[in-house]
Amino acid sequence: MEQANRYSVEYEWENVVFYQEVEAMTIQEAKEYVQQAKINASIRAVHVIEDVES
């Protein structure tokens, strides 16, 4: 069974840069998680915090 990795997502929302830690299976899922919460967020970077091997 695969486990989720931990990512730090850097995004800009209303001209302020934020960092949010999320658990997701892929980088794309991490980006989508933030964009669902902050509709107009502009993703600047995604960094792997913990890479969990399946």
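These legends describe close-up views of side-chain contacts and backbone features in a predicted model.

**View 1. Aromatic cluster of Tyr11, Trp13 and Phe18**. A search of the whole structure gives two aromatic pairs. In one, the ring centres of Tyr11 and Phe18 are 5.5 Å apart and the planes make an angle of 20°, so this pair is stacked. The cut-off for stacking is under 30 degrees. In the other, the ring centres of Trp13 and Phe18 are 6.3 Å apart with the planes at 55°, so this pair is tilted. Phe18 takes part in the pair with Tyr11 and in the pair with Trp13. Tyr11 is buried, at 4% relative accessible area. Phe18 is partly exposed, at 30%. Trp13 is also partly exposed, at 26%.

**View 2. Lys38 over the ring of Trp13**. The charged end of Lys38 sits 4.3 Å from the centre of the Trp13 ring. The ring of Trp13 also pairs with that of Phe18, in the tilted arrangement. Trp13 has a relative accessible area of 26% and counts as partly exposed.

**View 3. Salt bridge between Glu21 and Arg6**. The structure holds four salt bridges. Side chains of opposite charge can pair when their charged atoms come close. Here the N to O distance is 2.1 Å. Arg6 belongs to strand β1 (residues 5–13) and Glu21 to strand β2 (residues 16–24). The two residues are 15 residues apart, and their pair links distant parts of the chain. Glu21 is partly exposed, with a relative accessible area of 47%. Arg6 is partly exposed as well, at 26%. The network of salt bridges here takes in Arg6, Glu21 and Glu50.

**View 4. Arg44 with Glu10 and Glu12**. Arg44 lies in strand β3 (residues 42–50). Its side chain meets that of Glu10 in a salt bridge of 2.8 Å, N to O. Glu10 is in strand β1, 34 residues apart from Arg44, and the pair links distant parts of the chain. Arg44 forms a salt bridge with Glu12 too, with the closest N and O atoms 3.3 Å apart. Glu12 is in strand β1 and Arg44 in strand β3, so this contact ties together parts that are 32 residues apart in sequence. Arg44 is partly exposed, at 47% relative accessible area. Glu10 is buried, at 12%, whereas Glu12 is partly exposed, at 28%. The cut-off for buried is under 20%, so Glu10 falls inside it.

**View 5. Positive phi at Glu14 and Asn15**. Glu14 is found in the loop between β1 and β2. Its phi is positive, about 55°, although the residue is not a glycine. Glu14 is exposed, with a relative accessible area of 62%. Asn15 lies in the loop between β1 and β2. Asn15 is not a glycine either, and its phi is positive, near 65°. At 73% relative accessibility, Asn15 counts as exposed.

How values were computed:
Residues are numbered from 1 along each chain as its sequence is written. This is a predicted model: local features need pLDDT of at least 70, side-chain atom pairs count only at pLDDT 80 or more; totals for chains, interfaces and linings use all residues. Side-chain values use heavy atoms; hydrogens and water are left out. Rings of Phe, Tyr and Trp (its six-membered ring) pair if their centres lie within 6.5 Å; planes under 30 degrees apart count as stacked, over 60 as edge-to-face and the rest as tilted. Buried means under 20% relative accessible area, exposed over 50%, partly exposed in between (1.4 Å probe, protein chains only). A charge sits over a ring if NZ of Lys or CZ of Arg is within 6 Å of the ring centre and within 35 degrees of the ring normal. Helices (H or I, at least four residues) and strands (E, at least two) are DSSP runs, numbered from the N terminus.
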